[in-house]
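Colleague: I'm new to reading structures and would like to go through one with you. Can we take it piece by piece?

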Amino acid sequence: MRNKLTILLSLLLTLLVVGSCGKKNGGDEPKKIAVIISTLNNPWFVVLAETAAEKARALGYEAKIFDSQNNTALETDHFENAIASGFSAVLFNPTDADGSIVNVLKAKEAGVPVFCMDREVNSPEAATSQILSDSYSGCVTIGKYFVQQMNKKGKYVELLGLVGDNNTWARSKGFHSVVDNYPDLKMVAQQSADFDRNKAMEVLESILQANPDITAVFCGNDAMAMGAYQALVAAGLANKVKVFGFDGAQDVVGSIKEGKIVATGMQYPKVMAQTAATFADEYFKGKRDFPKKMPVAVEMVNQQNVSDYLEVAKN
Amino acid sequence: MQKKVIKYTVALILLLVVGYNSVYIKKLSEVKAASTVGKFDAAAYAQTFWKEKLTPGLTKANNLPELLTLLKSEKENAFKNYSHALGIGNLRYFLIKGEGKITAINENDISVTLLPDSVGKDVKIATEFVYGNAVRDALGILSINDFSNTMDMNNVSAELNKKIRTEIIPPFRAQAKKGDVVAFTGAIELNQAHLRLDEIEVIPVSLKLVRD
C-alpha cells in the first residue's frame, strides 16, 4: 500500500515537473511576441517592425524584432528560435510569398499563431490572419484618376514591381480594371523595374527611345515613380508626361505638392502593424474567428488633397 | 532469330501500352467546364446580392441632406452609426437617398442641387466613372469572412459597378434634362480622417426622374 502511494506521488510530481517545463512563459511573466521582418534595410519595414513591437509592449507583452535580411533561410532560423524560445505569437512580414509558407506552418504546428503584415503568404490556411494594404482597390482609384487626367486617350507606360510579388499584380490588376475600359488609352510598354528607383530610371530611358510620345507612366511603387521622373527630366519630357506612383513615400508626396508627380496611393504600415499586434492580443484572450485576410484602405493623394497628407507621409 | 522476334514484339506491346496510357484526349469544352467547377462566380453573386439584399436594403438608406448635416455637427457619431466598410482604415461608405434638381449634364456626371431648396447643397451623380467598393460595402451586411480570398471581393465590386454602368445609367442619361428632378438612391465614399463634404459623388443604385 505504502509502495503504491509512493509510486502515485512520484507520478504526480513527475507530471507537475513535465507540465511546468512545457508551459510557455508560466507564472506572472508576460507572453512573448516575435516580430519577424523581411528586411530592416528599408525604412518602411523599420516603421512596420517598430510599430508592431511598440503596440505589443503597450498591450503588456514582451516583444523582440528579428531581421530576416531578405533571406528565407535566415527567416527559417528565426522561426525555429522563436518557437524553441517560447514565443507565443509571431507578427510576420514574409520574405517570400511561397518560400515563407513552410515557416508559418511550422509555427502553426507548434500552436503559435502567425499574423502577416503588409506582405502575404500564398496559403489561405497557414497564417491566422493576414493584414494587407488593399492595393487592388487603391489602384482602382488611381486608375480612375489616371483616365480623368488623360482625358481618356494617349499612350502610356506601366512599370511593374517584382514580378514574383503578389502586390505587383494586385496593383496592376486594379489599375487595368479601370483603364482597359478606355480603348484610346494605349499601353506601349509594360516592364518590370523591381520596385527599384535606379532600375526604373534605366528602364524608362530605354523605353523613351522608341516611344518619345508617351504622355503618362504608371508605376507600381513610389521609388519607381521617382526613378521614372528622373528619366523624364533627363529626356526633357518632365512637363509633358504625367507620373503616377503608389506607397505614399515622403519624397513623392512632396513631389506631388511641387507638381512633379500627379498622384500616389497612401499606405498605412502603422495601421497594419497595430492591427496585427491587437489580433495577437485577442487570440491570447480566446478569439479564433479572424478574417483570413484583412484589407487596409489605401487613399489616393493628388494635388487637390496633398496638404492633408504631408504630415502623414512624414510619420 | 525467334527470340529476337519475341523480344521486339514484347517491346512493341509495352511501348503501345505505355503510349496509350500516357495520352488522354478530352474535349476542350469539358476541360474548361471542369476548371470552373467550384470557382467563385462573382457575376452570379453580384446579381443575387443586388436582388435579394441591396434592393430591399435601400429602405435603410440615409436621407442625404440629413446625413450631411449630421456629418457637419457630429462627425464621429455619423461615421460610427451609419458608415460601413469591409476593410479597415479611413475610407467608409454610406447608403444614401435623396432628391435633387439637375443643374448640368456633364460628360462624366450629372450635377444636382439637393431638395428641398433650403438644403442648398450641390452633389454629383457619377455616370461614367462608376468604380470602387462603395455599393458593395455601404449596406453593411457583407462580412469579410463571406469570401475566401480578396480577389473574389474585388470581383463582386466590379460586377456591381458594371451592372450600374450598363443597366442603371444609360436609360436615365437618355431621358434626363437640365431642370428635371431626380430621385436617387446610392452610395457615397467618405474619408473619416480627411473629411471633404464639398466633393460628394453619388454612385447610383437607382435613378428615377420625377417630373411635374
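Colleague: How many bridges join strand β3 of chain A to β4(A)?

Modeller: Keep in mind that this is a predicted model. Strand β3 covers residues 89-92 of chain A, and β3 and β4(A) run parallel. The number of bridges joining the two strands is 3.

Colleague: Are the residues of strand β4 of chain A buried or exposed?

Modeller: In a regular strand, side chains alternate between the two faces of the sheet. Here, Val114(A) and Cys116(A) sit on one side of β4, with Phe115(A) and Met117(A) on the other. Both faces are covered, and all four of these residues are buried.

Colleague: OK, on to the two chains. What area do chain A and chain B bury between them?

Modeller: The contact takes 32 residues from chain A and 24 residues from chain B. Of the area buried, 54% is on carbon and sulfur atoms. The total comes to about 2200 Å².

Colleague: And in chain A, which residues lose the most area to chain B?

Modeller: Three residues together make up 22% of what the chain A side buries. They are Tyr136(A), Lys144(A) and Lys152(A).

Colleague: How far apart are the closest N and O atoms in the salt bridge of Arg196(B) with Asp308(A)?

Modeller: The count between chain A and chain B is 4 salt bridges, and Arg196(B) with Asp308(A) is one such pair. The cut-off for a salt bridge is 4 Å. For Arg196(B) and Asp308(A), the closest N and O atoms are 3.2 Å apart.

Colleague: Which element gives the largest share of the side of chain A that touches chain B?

Modeller: Across this interface there are 13 residue pairs in polar contact. The elements giving two or more residues to the chain A side are α5, α6, α10 and β11. The largest share is 6 residues, and they come from α5(A).

Colleague: Let's finish inside chain B. Why does Ser157(B) count as buried?

Modeller: Ser157(B) is found in helix α7, residues 150-175 of chain B. Buried means under 20% relative accessibility, so Ser157(B) qualifies because its value is 4%.

Colleague: Which side chain does the side chain of Ser157(B) join in a polar contact?

Modeller: Leaving aside neighbours within four places in sequence, Ser157(B) is in contact with Gly132(B), Asn133(B) and Arg136(B). The polar contact spans 2.7 Å, and the partner side chain belongs to Asn133(B).

Terms used:
Residues numbered from 1 in each chain as written. Chains lettered and ligands numbered in written order. Predicted model: local features only at pLDDT ≥ 70, side-chain atom pairs only at ≥ 80, totals over all residues. Heavy atoms only, no water. Contact = heavy atoms within 4.5 Å. Buried area = accessible area lost by both parts, 1.4 Å probe. Salt bridge = Lys/Arg side-chain N within 4 Å of Asp/Glu carboxyl O. Polar contact = N/O pair within 3.5 Å; in protein donor to acceptor, adjacent residues only side chain to side chain. Helix = DSSP H or I, 4+ residues; strand = E, 2+ residues; numbered from the N terminus. Buried < 20%, exposed > 50% of the residue type's maximum accessible area, 1.4 Å probe, protein only. Pairing = 2+ DSSP bridges.
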